[in-house]
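Here is a short briefing for a reader meeting this structure for the first time. Please look over the sequence and the model before reading on.

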Amino acid sequence: MAAATSHNAIVSTQSHRWNGKNSRLDRRAANVRLVSVGSCCPGSRKLGLVCASGSKSSVIDPVHLPSNGKGDHSPKKSSESSLILIRHGESMWNEKNLFTGCVDVPLTPKGVEEAIEAGKRICNIPIDVIFTSAMIRSQMTAMLAMMQHRRKKVPIITHKESEQAQSWSKIYSEDTKEQSIPVITAWQLNERMYGELQGLNKQETADRFGKEQVHEWRRSYDTPPPNGESLEMCADRAVSYFKDQVVPHLTAGKHVMVAAHANSLRSIIMHLDKLTSQEVISLELSTGIPMLYIFKEGEFIRRGSPVGPSEASVYAYTRNLATYRDTLDSMVQ
């Protein structure tokens with residue numbers, strides 16, 4: 001896996017499902033060529049993948065950022081930013097097959113390992129700011145992942161909920177600030193609220209209400225569970241927050257990681273990839289698998305999921321990222 005030998009691979013642009021366990025795709029068609037180093041990257045519908053070695057790079061299927069009419073989504077000329085999306089590692093209620101939603105439960109030991117492995121996969125990609133949901137499982141994932149980053153900056157949760165909280169958490173050393181990464185938490189990135197299903201066993205709920213009804217609650221776009229949110233409702237808050245708070249950082253040339261949940265990330269990917277309401281309901285995201293986009297000249301370019309090599313520094317995705325990786329290499333020599 002660590003060998004830096006390039007080879008071509010074929011990946012479907014039709015399949016909807018990631019399979020993080022075996023890094024393969026359920027595929028219906030195969031018409032996208034990848035160049036990878038070491039091994040292929042997993043992906044899903046319209047999540048085109050590219051792994052590039054050295055300074056060579058490819059661009060697949062750029063996603064144009066919708067304009068908000070104010071013209072503030074266009075970055076400075078020739079600027080390039082990285083966007084990493086990552087679903088939290090396995091939670092304790094994932095393990096128990098319970099509906100979790102907005103109940104704030106932590107990771108399992110497996111989830112901790114998934115977060116650490118995710119960190120290894122992105123350890124050569126620059127990160128300037130981190131966004132997480134307000135939930136501990138996404139925050140744990142972000143923190144554990146960043147502990148693996150070769151830059152060794154410290155992720156620090158910002159507290160702006162009150163003037164006192166902001167004042168008491170102020171950092172007075174500029175040198176320390178330079179070695180820190182702000183972590184911004186937002187409830188808008190929370191998992192969708194499953195209402196009266198939260199805490200119930202998924203299989204028992206299907207036995208009680210019927211598989212078709214439970215499937216509609218879980219996978220339809222606009223049908224919410226009892227007293228809960230539909231995917232459409234979740235998308236309204238998650239995508240609005242992404243446009244208002246995340247995109248400006250990317251526009252300014254900052255590199256961003258978003259650690260969140262299956263449905264809030266599905267909503268964001270639906271926005272980035274212009275999926276229809278029917279296409280997004282079949283999109284599955286495995287726990288702890290990072291997804292990389294490049295934001296350049298007003299476009300989001302899909303780069304897939306960085307597969308974790310056994311040796312650091314195997315993967316590069318663009319010239320800028322390759323240069324960043326080389327800089328990290330020189331720092332440890």
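The points below go from the whole chain to single residues.

This is a predicted model, in which local features need pLDDT of at least 70 and side-chain atom pairs count only at pLDDT 80 or more, while totals for chains, interfaces and linings use all residues. Residues are numbered from 1 along each chain as its sequence is written, and side-chain values use heavy atoms, with hydrogens and water left out.

**Whole chain**

- The chain has 11 helices and 12 strands. These are DSSP runs, numbered from the N terminus: helices are H or I with at least four residues, strands are E with at least two.
- The chain holds 333 residues, and 52% of them are buried. Buried means under 20% relative accessible area, exposed means over 50%, and partly exposed lies in between (1.4 Å probe, protein chains only).
- Among contacts with a separation of 6 or more, 76% are between residues 24 or more positions apart. A contact means heavy atoms within 4.5 Å.

**Salt bridges**

- The whole structure has 8 salt bridges. Each is a side-chain nitrogen of Lys or Arg within 4 Å of a carboxyl oxygen of Asp or Glu.
- One of them joins Lys296 and Glu80, at 3.9 Å from N to O. Lys296 sits in strand S11 (residues 290-296) and Glu80 in strand S6, so this pair ties together parts 216 residues apart in sequence.
- Lys296 is partly exposed, at 31% relative accessible area. Glu80 is buried, at 12%.
- Arg302 pairs with Asp273, and their closest N and O atoms are 3.2 Å apart. This bridge links distant parts of the chain: Arg302 is in strand S12 (residues 299-304), Asp273 is in helix H9 (residues 262-273), and 29 residues separate them.
- Both Arg302 and Asp273 are buried.
- Arg121 bridges to Glu117, with 3.7 Å between the closest N and O atoms. Both lie in helix H2 (residues 109-121), 4 residues apart, or about one turn of the helix.
- An α-helix has 3.6 residues a turn, so residues three or four places apart point the same way.
- Arg121 counts as buried at 15% relative accessibility, whereas Glu117 counts as partly exposed at 27%.

**Arg87, a buried charge**

- Arg87 belongs to strand S6 (residues 80-87).
- Arg87 is buried and has no salt bridge. The nearest side chain of opposite charge is Glu191, 5.4 Å away. For charge, Lys and Arg count as positive and Asp and Glu as negative; His and the chain ends are not counted.
- A polar atom of the Arg87 side chain lies 2.8 Å from the backbone oxygen of Leu285.
- Leaving out residues up to four places away in sequence, Arg87 touches a set of residues that includes Asn94, Thr141, His261, Leu265 and Gly288.

- Helix H8 (residues 231-251) has a kink of about 35 degrees, centred on Lys243. The bend at a residue is the angle between axes fitted to the seven residues ending there and the seven starting there.
- The buried residues of H8 include Leu231, Cys234, Arg237, Tyr241, Phe242 and Leu250.
- Gly253 follows H8 and has a positive phi, near 90 degrees.
- Where helix H6 (residues 202-209) starts, a side-chain oxygen of Asn201 comes to within 2.9 Å of the backbone nitrogen of Gln203.
- Just after H6, Gly210 has a positive phi of about 100 degrees.
- Val280 lies in helix H10 (residues 277-280) and counts as buried, at 0% relative accessibility.
- Val280 and Ser220 are 60 residues apart along the chain, with 9.3 Å between their C-alpha atoms.
- Apart from neighbours within four places in sequence, Val280 is in contact with Tyr221, Leu231, Arg266, Met270 and Leu275.

**Cysteines**

- How many disulfides does the structure hold? It holds 0 disulfides, a disulfide being a pair of cysteine sulfur atoms within 2.5 Å.
- The closest cysteine sulfur to that of Cys102 is in Cys234, 8.2 Å away, which is too far for a bond.
- Cys102 is partly exposed, with a relative accessible area of 29%. Cys123 counts as buried, at 8% relative accessibility.

Note on methods:
A polar contact is a pair of N or O atoms within 3.5 Å; within protein, one must be able to donate a hydrogen and the other to accept it, and residues adjacent in sequence count only if both atoms are side-chain atoms.
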